[in-house]
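Hello,

Here is the structure I promised to pass on to you. Please have a look at it, and then read on for what turned up.

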Amino acid sequence: MTRRTWWLAATLVAVLAVAASANSIVNGFTYDDIFVIVRDTRSHALDGWWKEFGWSYWNPRWGGDGYRPLTRLAFRLEWVLGGGEPMLFHAVNIALHVAGSVALLWLASALLPLAAAWIAAAFYAVHPVHVEAIANIVGQAELAVAFLAITAVGVYVRGRLEGPLSWKRWVGVGALYACACFFKEHAIVLPALLILAEATVVRDRAPMRQRLVRMRLPLLLMLVVGLAYLWARTSVVTGVTGFVAAVPFQTLKLTTGNRILTMVGASTEWLRLLLWPARLLTDYAPPYIDIAEGPSLVQLPGALLLIGTLGLVMACWRRSPVTSFGIAWLVITLLPASNFIVPAGIILAERTLLLPSAGAMIALGTAVPWLYERFEDRRVVQYVAVLAVVVLLSLGLARSVSRNRDWIDNETLLQQGVKDAPNNYRLQYLLGNHWFERKRMIEGETHFREALRLFPYDPILPFTLAEQYRRAGMCGPAIPLYKWAFELGPMLRYGEVGLAGCYLESLQLDEARTAALNAIRYGGRFTVARQMIRAANAGRDSLAARRARGDSSQRAGAAPQP
């Protein structure tokens, strides 16, 4: 393989990546972009940029979850340079996707023949499952980690194929690792990918134990980098994950076993999204995703898939180590957000497949030389293979381009989501909330009621609908919804100030006073709650005075006439 040939292959991969993502540049701010970038004024200036290393990714107003300081700094810079317009953000996402696709070609071409490596990188470049990370600006964290992690593994593998890794390369890998971690949490698994590469694709006659001994010092330094990142992160956010668990895991109080069984059942979605992503969704939630209540036949296909995947890794370990490397890469990089180890903030999300799909495409690329060697008439095989690759790339490209259009604004995105998966309560809720924000109350109520029917266990649903009813002066239906919400989610009881307002309106003064006191107790708006208490007390005094005057009048009327 000449340098010119490699650069031609890289250029073609870059062209495919641009073609699959370019039309997203006209999209606006959508989905999480609204909260992380548009409504969070931290993202609008460079002043005090260093403070990002002591702040959470999400603003405390919306949970204070996550720790991604470099991602936040990138958003600040892009806002300032682009004048607050979304186009520059989208251009950066497209550039990162192109860079990640070419980086994958660089890594894969060290392990496979160039034609097979090119097919793997080309499929990665046009894969529709990547659209969420590219078209949604906050996916920039995923894109940055993918580029940095793939590049780091490429630096390691290419260096090891030449012999022992130099300290210069180790320093480069360590720097890429540190940057990737500060872009997003799941980069923490990079050392495991290096050990995987050493065990599978690095050609070294020394026993694995001896090689690990040689690597102990640089791996120890990488461990220090990882621990330093975790220390910084845990000083800002709480818990192992730094995220509140997905609502179904909380409200249904799933045991660890049932959470794992839920993900076993949902694992078929990972396979579908990686191999045939015709249907793409912004959110995966029940009842579209079945929540486990113990073992059932629903989980059988997923269990067989997981067992088969691990079995394939072991079966190919010696016969086709690159295949094992690719599949094991998929497993390792999927674990942080898989809910198998710890509960994550989502059940399943397409953006989390960006880095795992790199391993899947490498494994897929190993099929090319395998098929080529097993057919005698190789010219026919070449023609068929070229035709199949062209068809699949065209399908992937067309689906990516069409999906990019769905992300142009929230209304388009959410309407398409409800159309594609009407039995997904989160999509119904999000579309209803969108209509409420647009003052289209009937449409909002319709979708909220459908969301409640599909999954009556999310306290945000009755609480938000109750708030909308109260603002519309409809306290009759609002009061039972408030009670329902606080029963499902006691953490929402700061919102009892709204319930207090409804009680006041319906002259249930004792209940209004109690609700306002509860709101204060749970951190609600103190000033408003105090006003409610004063109004309730004044109402009680007024009623008492009125009753007293009534009693006096009755006594006066009952007095004997002289």
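Tryptophan 7 is exposed, with a relative accessibility of 52%, while tryptophan 6 is buried at 10% (buried means under 20% relative accessible area, exposed over 50%, partly exposed in between, with a 1.4 Å probe and protein chains only). These two tryptophans form an edge-to-face aromatic pair, 5.1 Å centre to centre with 90° between the planes. For such pairs, ring centres of Phe, Tyr and Trp (its six-membered ring) lie within 6.5 Å; planes under 30 degrees apart are stacked, over 60 edge-to-face and the rest tilted.

A word on the model: it is predicted, so local features need pLDDT of at least 70 and side-chain atom pairs pLDDT 80 or more, while totals for chains, interfaces and linings use all residues. Residues are numbered from 1 along each chain as its sequence is written, and side-chain values use heavy atoms, leaving out hydrogens and water.

The whole structure holds 24 aromatic pairs. Among them, tryptophan 270 and phenylalanine 340 make a tilted pair, at 6.2 Å between centres and 55° between planes. Tryptophan 270 is buried, at 7% relative accessibility. Ring pairs also join Phe29, Phe75, Trp79 and Phe89 into a cluster.

Most residues other than glycine have a negative phi, and most peptide bonds are trans. Tyrosine 31, however, has a positive phi near 55°, and asparagine 339 has one of about 70°. Tyrosine 31 is buried at 12% relative accessible area, and asparagine 339 is buried at 0%. Proline 286 and proline 287 are joined by a cis peptide bond, with omega about -5°.

Best wishes
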